[in-house]
Amino acid sequence: MTLANLAPTDVRHLLSVRRRVLIGAQEWLRRHARTLALLVPVLVATGLVRGIGMSTFPRYVDDPGTYLSQAWSLQYEGTLSPYSYFYDHAPAGWIQIALYSMLTDGFDRHDSAIGFGNECMLIAGVVSTGLVFALGRRLGFSRWTAALAALLFGLSPLAVLYGRWTFLDNIATPWLLAAFVLALSRRRSILAGTGAALCFAMAALTKETLLVLLPGLLWTLWRNTDPRNRAQVLTVATGAGALLMAMYPLFALFKGELFEGPGHNSLLGTAAWQLAERQTSGSLLTADSPMRHLFDDWLAQDRLLLLGGLASIPVAVFAGRLRPIALTLVTGWLLMVRDGYVPFMHVVTLLPWSALLIAGAVHVVAGPARRWWRVGPAVALAVAVLAGAAVSWPDRLTPMMTTKEVPAMRAAELWVADNVPRDKVLVVHDSIWVDLVHRYRFRPESIIVSKLDTDPAVRERLGRIDYLVVPEWYLGNPASGTAYPTLVEAHKHAVPVASFGDGSDGVRVYRVSRYWSP
Amino acid sequence: MRELSLLLDVSIVVVSLLMLAVTVTTLAFQLYKWWRPEHNDPQRYGSPDEPRLPGVILVPMRHEEAVAGHTLDRLATLDHPDYWVMPIVDHPDDPGTARIAHGKAREFPGRVLVCPYPEDTDVHNKPIGLNAAVHRLTELGIPFEWIGVADAEDLFHPDLLRVVDYRFRRTDAGIVQCGVQLMNFSARARDLPMPAGRHPRLRRWWHANTSAWWRAANVLEYFKWFQSRLKLQAVTRVMPLGGNTVFFRREFLDALRQRYGQYWDEECLTEDCKIGIVASVLGYAVDVVYLPELVTREETPATLRGLVRQRVRWMQGFMQVFRAGEWVALPTLGQRVLAVYVLGFQFFQAFTGVLAPVALTLALWHKSPIAVALLACLPLGLSVLTVALDVLMLRVFSRTFQVKARIRDYLGVVLGAYPFQLVLCVAAVWAVARYALRRNDWVKTTHHGTHLPAPEPATVGSTR
């Protein structure tokens, strides 16, 4: 073989690995230059808007602390929860947080666990934004239209607000989007299909409620696969996805906790409770229902993305590839009118699909041939959407990025660290638990308030309570007496020693009487 | 005690990871045809034009009175203007087959030419016969550009040579391997020959239903091998060949001769495997052609024992090829790794299938950490997926060849999956034992001719 008749690909083998990588990278950059020129600014803007001010805004809520305490427990104690794990959620979300922390020493790098959680969410948010762009491209959008979708998702105040809280949904979103991106792979290979199924399994293992979005993914996969290998792609993908998801029930089975029984938690028991007995949030269509109030809160943050997405659902009629996306969004909306329990952060599930459908409307108006008389209105629509955003978003985003005031719970935590001896027993809100145990080394370990009356093991060990550090709404709520009897009882024998913030979000530190024991 | 327990956990983890690697690669190999839609495009081989290259088909035969006449009839009437059929028969040892072969030579002058098996050796194997035939061809000065190998029971499709001829001209392949397909998977009693003796119908029914599970598994193995695994190996250029319906370019055979002094290795049990590896070493590509309508239809071994013997021979042969070390000369590291994997593949696969449930049971019984038990579940889960794919394959098979697969057949595939792995395991152990004891003789597969159309015995009778 002489050099002359080598194919161009063969020539590369003669070069050093370094040169080959360099050439490969250059080619990649050249090929994707136009994409990068659009996408990078969007991602940088998203990163800046979501990142600046995330330590002081928003206020602390329960769930982030819970998940971070579970991630901490996995890293430092090797268990899925510092308390007995009761299958409230599938564990992949905090397993990922824990893995990331193990690799980067997350809990020690930040001065609060919430700070580390914020970092995780920032990464998840930027990755999700990039994936919204990628999914837009796979749906056939032009670069500009895909960038519009990414921009709407990345910068909507609603997305920024909920994207900052350490919620499992935020960790699941990149997996879910990746599943759709892979399901729309142009190669239509078994590997892509399997990747889609595995990503979806990861999403469902992170937040189990996302299982309801499976039909949308299956539809996408079915539409995109080729008859020449469809049966094989679907079989392997289904098998691989099911196998990964089966790890969760198998875990419970091997622990002897799959089925309900006396004296132990169980996956099926908790699932039955979640599905059937959990208090309903009412329907979106019923005025004055908790669901309606929650929805109004969402709208107060941003109408454009949420309602724009809803209004754009009909465009799916004109673009086949958008139909599964529309189905996914419709499923999300239907959950809100079905009169069942809807979690506070449900909106996270709606946002990427809303952004994609709004951009999809622009895509449909522009049409496949890109004639001027269709592109004109499409540009007008895009400009109108952007103008709407430019008018309404800055007022919302500014406080998110500029608030300097330390959240009340964080202030209380710092006060406790300075003023309370380390051997006191504290009953605390989830969000500061990791800091007290990990950073300030309170021993005996502080107790998360919600576990006080729900975890028999905590009840057993409990000898005394010295301090209470909880938001006011835990105590001021008339239902507290039944939900947290021990807390309310301790509160009766306690005096406030420090106070931070006001209203129901305000936090007081109480010292409990030495003469009272639970 | 704690050390023992830790040791057990560690071994479960290691074994599980190994099994995981083997099952994933096995799945990837057997699905190559469906990796991407283009791999399964009906037009991927092009449409053959007028054949041009002269060639020869060699047919080693030994005690094949039952099928020889029919096979030669078929081989002599393929659609190609310029080719010879050369049955290789040991005259003193096998006068029956010799008589049939010479009969056909008279019937088709200019087409069939009998080559006598060399009498200067007591050993009887395929490579010796093939080598003798090529020498005879050169002696007689018969022109040829390619040589094909057929087994005595192989019915080539009339259009096969056109495709082979076309592929030789279209590609620069040194070898064209065409598909071979076992056909008799069905539990339907009527598809089997009527046995002699008492209660033949009952015994035939019993045999059909009790052997269908391994026959179906065997049939699907071929279905997967020739469509996927060989394709992938051809692409990566690490290629053990199938033993028949394989065609060699003359240039490649000459290169072999130059390098080794002979064409086929007469000492090797699986000369076909070795010649494939050597082709890769010499830099010749292999073109694998699997067109359902053109595949050479064959039958499974007549009995389970026969299947085991055949497997023992293959595995032992693979060990020989591995020992011979030709693969060390493969150009890239990736190819060498793949060669080790391919040559050891049958062992890995057999043991993985059998060990997967054992590892999990052990992990649970011994109360390993849950992560270990979950890991041990993965290979088992993938084995289940493999069975699901086999069911799908059987469906594809029955559609492709328009033969009816019944619920019973699907059940056989599902329930027979684990026992079949056990059978392969037994064969693997036996092969290792034989190899260790240096027993390298030929364990030949016998054929009943059940894949042939019914009038077969009559034709044989008439030539006698």
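Student: Where is the confidence lowest and highest among the elements of chain A?

Tutor: Where pLDDT is low, the predicted coordinates should not be read in detail. Chain A averages a pLDDT of 93, and 97% of its residues score at least 70. Helix 1 (residues 8–12) of chain A has the lowest mean among the elements, 59. Helix 10 (residues 168–183) of chain A has the highest, 98.

Student: How is chain A divided into domains?

Tutor: Domain 1 covers 32–245 + 278–402, and domain 2 covers 408–512. Their centres, taken over C-alpha atoms, are 34 Å apart. The contact between them draws 15 residues from domain 1 of chain A and 16 residues from domain 2 of chain A.

Student: Which helix gives the most to the domain 1 side of chain A?

Tutor: Helix 4 of chain A does, with seven residues. Helix 4 (62–77) and helix 7 (113–138) of chain A each supply at least two residues there. By class, that side has eight nonpolar, five polar and two charged residues.

Student: Now the chain contact. How many residues does each chain put in?

Tutor: The size of an interface is often given as the accessible area lost when the parts come together. Here we count residues: 18 from chain B and 19 from chain A. On the chain B side, helix 2 (32–35) and helix 12 (370–400) each supply at least two residues. The largest share, 10 residues, comes from helix 12 of chain B. By class, the chain B side has 14 nonpolar, two polar and two charged residues.

Student: What is the strand order in the sheet of chain B?

Tutor: Strands of a sheet pair through backbone hydrogen bonds, either parallel or antiparallel. In chain B, seven strands form an open sheet in the order 3-2-1-4-7-5-8, with mixed pairing. Strand 3 (115–116) and strand 8 of chain B are the edges, and each pairs on one side only.

Student: Which helices lie against these strands?

Tutor: Helix 3 (residues 68–76) of chain B packs on the sheet, touching strand 1 and strand 2 of chain B. Its direction makes about 160° with that of strand 2 of chain B. Helix 5 (residues 126–140) of chain B lies across strand 1, strand 2, strand 3 and strand 4 of chain B, at about 145° to strand 1.

Student: Are the residues of strand 8 of chain B buried or exposed?

Tutor: Buried. Val286(B) and Val288(B) point one way, Asp287(B) and Val289(B) the other, and all are buried. Strand 8 of chain B pairs with strand 5 (residues 175–178) of chain B in the parallel sense, over four bridges. Gln177(B) stands opposite Val288(B).

Notes: Residues are numbered from 1 along each chain as its sequence is written. Chains are lettered from A and ligands numbered from 1 in the order in which they are written. This is a predicted model: local features need pLDDT of at least 70, side-chain atom pairs count only at pLDDT 80 or more; totals for chains, interfaces and linings use all residues. A residue is buried if 20 or more other C-beta atoms lie within 10 Å of its own, exposed if 12 or fewer, and partly exposed in between; C-beta atoms are placed from the backbone. Two strands pair if DSSP finds at least two bridges between them. pLDDT is the predictor's confidence in each residue, from 0 to 100. Domain bounds come from an automatic or database domain assignment. Two residues are in contact if their C-beta atoms, placed from the backbone, lie within 7 Å. Ala, Val, Leu, Ile, Met, Phe, Trp, Tyr, Cys and Pro count as nonpolar, Asp, Glu, Lys and Arg as charged, and the others, Gly among them, as polar. Axes are lines fitted to C-alpha atoms, for helices over the stretch in contact, and angles run from 0 to 180 degrees between N-to-C directions.
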